[in-house]
Amino acid sequence: MILLDKETLRAQMNSCGLARRPFLWCVSFNLEKGFLITDPLAQDEVLWRVGRHGSDLQGSRGAAPRLEVVEPVSPGCYSGMFATIMGGLRRGNSFLANLTGATEVRCTGSLRDVFLHASAPFRLLIGDEFVCFSPEPFVRISGRDISTFPMKGTADASVPGAARELLDDYKETCEHHTIVDLMRNDLNSVAEGVTVSRFRYLEEITTDSGSILQTSSEIRGTLREEDVMRFGDVIFPLLPAGSITGAPKRATVELIERAESVERGWYTGVFGYFDGEEMLTAVMIRCMQRGADGRLYFHSGGGVTVNSVEQEEYAELMAKVYLSRTP
């Protein structure tokens, strides 16, 4: 696998799309590194799953891995990051900022085992460096049709009345409205006739410690004829994804970079697969990756607004440290 800079990756995505040549691609959160693999079904260097497509590894699973927290994000560290974000919110630099941290973990199996046992629709394994099992689609492109599916808002599904409580929660509702507005505006930069076709629907996700509820929306538009199959030119203006940055995007990304104590790397980047007809992509949340110290870290986070309570946001960050599992 050869790492590419942003402009090279963008050009290769255009070239493969126009040639209708299937390819797998990935880019980091800061857009500084990425890769593109043509004919990805014929290789096993990078394991992947995008919806119904992916690496054929039937019958190769062993025992299900288990996750152990070694060193959580300290409350003191989180408090400092949270204070920086809240300062930016109160100054009006941002209306919503996605704040993340890295929890040191130990896994009973390999990252490959995590990939094989995950039930998520979007999975990616890069050697012993990174594994992702994401429930969140980013954009889907089929011909001139483009759609995006921002996911924002989480609750413990085991709590009685959790669905209604999540849907009625004022802070979560404001957060979701903000992200939908941001993604609608982003899509307007590359498409016409943009509309919100479904707003704030519930999904249930199974994890190794129970089930959680999340809310998503669907936004659709129509690409200009001249942009069809030019995937680099269509997708890169939408990056990084609004659901894992905030609004307004540019100022919020700068705020996040000042606040967060650990670089995100591949986490909250985007990857996708083009099968020759349709492009389907995902946001790389629910991730583990090796740090510069060789240790394994689970990255997680959540949206922060002026209505946020620090202890509740910290609890959400830690609640998202889990392995998805095959039912």
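Visitor: Why is Arg-198 called partly exposed?
Guide: Its relative accessible area is 41%. Buried means under 20%, exposed means over 50%, and partly exposed is in between (1.4 Å probe, protein chains only). Arg-198 falls in between, so partly exposed is the word.
Guide: A word on the source. This is a predicted model, where local features need pLDDT of at least 70 and side-chain atom pairs pLDDT 80 or more, while totals for chains, interfaces and linings use all residues. Residues are numbered from 1 along each chain as its sequence is written, and side-chain values use heavy atoms, with hydrogens and water left out.

Visitor: Is Glu-218 buried or exposed, and how do you know?
Guide: Glu-218 has a relative accessible area of 8%. That is under 20%, so Glu-218 is buried.

Visitor: How many salt bridges does the rule give?
Guide: The count is 18. One of them joins Arg-106 and Glu-68, with the closest N and O atoms 3.0 Å apart. Arg-106 sits in strand β6 (residues 96-107) and Glu-68 in strand β5 (residues 67-71), so parts 38 residues apart in sequence are tied together.

Visitor: How do you know how exposed these two partners are?
Guide: Arg-106 has a relative accessible area of 45%, and Glu-68 has 42%. Both values fall in between the cut-offs, so both residues are partly exposed.

Visitor: What makes Arg-295 and Glu-104 a salt bridge?
Guide: Their closest N and O atoms are 3.8 Å apart. That is within 4 Å, so the pair counts. Arg-295 lies in the loop between β17 (287-290) and β18 (296-304) and Glu-104 in strand β6, so the pair ties together parts 191 residues apart in sequence.
Guide: Arg-295 is partly exposed at 45% relative accessibility, whereas Glu-104 is buried at 13%.

Visitor: What makes a space a cavity, and how many are there of 30 Å³ or more?
Guide: On a 1 Å grid over the protein atoms alone, a cavity is a set of points where a 1.4 Å probe fits but cannot get out. A pocket is an open set with protein on both sides within 12 Å along at least five of seven lines. The structure holds two cavities of 30 Å³ or more.

Visitor: Which residues line the largest cavity?
Guide: Lining residues have an atom within 4 Å of a point. There are 22 here, with Asn-98, Lys-152, Arg-286, Gly-301 and Lys-320 nearest the centre. Strand β18 gives the largest share, six residues.

Definitions and conventions:
Salt bridge = Lys/Arg side-chain N within 4 Å of Asp/Glu carboxyl O. Helix = DSSP H or I, 4+ residues; strand = E, 2+ residues; numbered from the N terminus. Points joined across faces, edges and corners; volume = space filled by probe spheres on them.
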